[in-house]
Amino acid sequence: MRILVVEDEPTLAAQLVEGIKSVGYVVDVAHNGVDGHFMGETEPYDAIVLDIGLPQMDGITVLKKWRAAGHTLPVLILTARDTWREKVAGIDAGADDYLTKPFHMEELLARLRALIRRAGGHATTELVCGPLTLDTRSSRVSVDGTALMLTSHEYRVLAYLMHHPGEIVSRAELTEHIYAQDYDRDSNTVEVFIARLRKKLPPGLIETVRGLGYRLNKAQ
Ligand code: CA
C-alpha cells in the first residue's frame, strides 16, 4: 500500500512518514499544496493524508480539485485545533475522515487502515483469503494460523494482493504500490518477490495470468 502525505511542517511530515512506514506501507511526501495536488493527480496512491493549512494551494482546494477530476481515493485531512469550519469544509470537499492536530500516531494509523479497508470493501481488520490471514493492525500474515516470516517487500506485494483478492493485478500496478516515488523502480523485481512468496505459501495460491499479471486465488 502506498500513501501520500501532504504536510508543510517538516517535523510533523517526518513523523508521519516514519509512523506510516513502520506499519509496512510506503510513503511519498509533498510539502506544499501544488506538489501535493500534482502527485495525487499522477500517482496511484491507496490513501492520502492531507493537511488543510498548506502553502501555495490550501488543502481544501487540493481536495476539491481531485474530486472534481473524479479521483475517489481515500483522503484523511488534518485540521488545526478549534477550527470546526475547516472540518465542515473538508468533509464537504470530499474528505473521508479527519484528525485534529495534535493527534496520536496510533489513531492516525488506525484511521488509515480503516480507510484503506473500506476502499477495498473489507469490513474487518483481518483480511482472509483461503488459508491466508492478514492482520492489518499488526502487519502480520499467517497460513492456517502459523505466522509467515516475510521481508518488507514480500509483505507489501502480498498485502496488496490480499487487498484485491481474485482480481488480476499487473506487474506495473504492483510496482506502483510497493515502492515510493523516489525509489529506483524495476518491475522485474516484482517477479522475484512473487517467486519468493510462492516458496513460502501453499502451492497455487498466487496464480500467473499470462500476459496480464497475478491473481490471488480465492477458491483455495
Ligand atoms: Ca500546515
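Predicted model: local features only at pLDDT ≥ 70, side-chain atom pairs only at ≥ 80, totals over all residues.

Leaving aside its neighbours within four places in sequence, which residues is Asp28 in contact with? They are Arg2, Ile3, Leu4, Val5, Met39, Tyr45, Ala180, Gln181 and Asp182, where contact means heavy atoms within 4.5 Å.

Residues are numbered from 1 along each chain as its sequence is written, and side-chain values use heavy atoms, with hydrogens and water left out.

**First stop: Asp28 and its strand**

Keep Asp28 selected; this residue lies in strand β2. Its relative accessibility is 4%, so Asp28 counts as buried (buried means under 20% relative accessible area, exposed over 50% and partly exposed in between, with a 1.4 Å probe and protein chains only). A polar atom of the Asp28 side chain lies 2.6 Å from the backbone nitrogen of Gln181.

Now extend the selection to residues 26-30, which form β2. Four of these five residues are buried, so the strand is largely enclosed by the rest of the structure. Helices (H or I, at least four residues) and strands (E, at least two) are DSSP runs, numbered from the N terminus.

Select the calcium ion next. Its protein donors are Asp8 (OD), Asp51 (OD) and Gly53 (O), at 2.2 to 2.3 Å from the ion; donors are N, O and S atoms within 2.8 Å of the metal (3.2 Å for Na, K and Ca), and sites may look incomplete since water is not among the atoms. Asp8 lies in the loop between β1 and α1 and Gly53 in the loop between β3 (47-51) and α3 (59-68), so the pair ties together parts that are 45 residues apart in sequence. Asp8 is partly exposed, with a relative accessible area of 30%, and Gly53 is also partly exposed, at 43% relative accessibility.

**Final stop: helix α5**

Finally, select residues 105-119, helix α5. Its buried residues include Leu108, Leu112 and Ile116. The buried residues of α5 pack against β1, α1, β3, β4 (75-79), β5 (97-100) and α6 (152-163). Just after α5, Gly121 takes a positive phi of about 75 degrees.

Note on methods:
Polar contact = N/O pair within 3.5 Å; in protein donor to acceptor, adjacent residues only side chain to side chain. Expected span 1.5 Å × (residues − 1).
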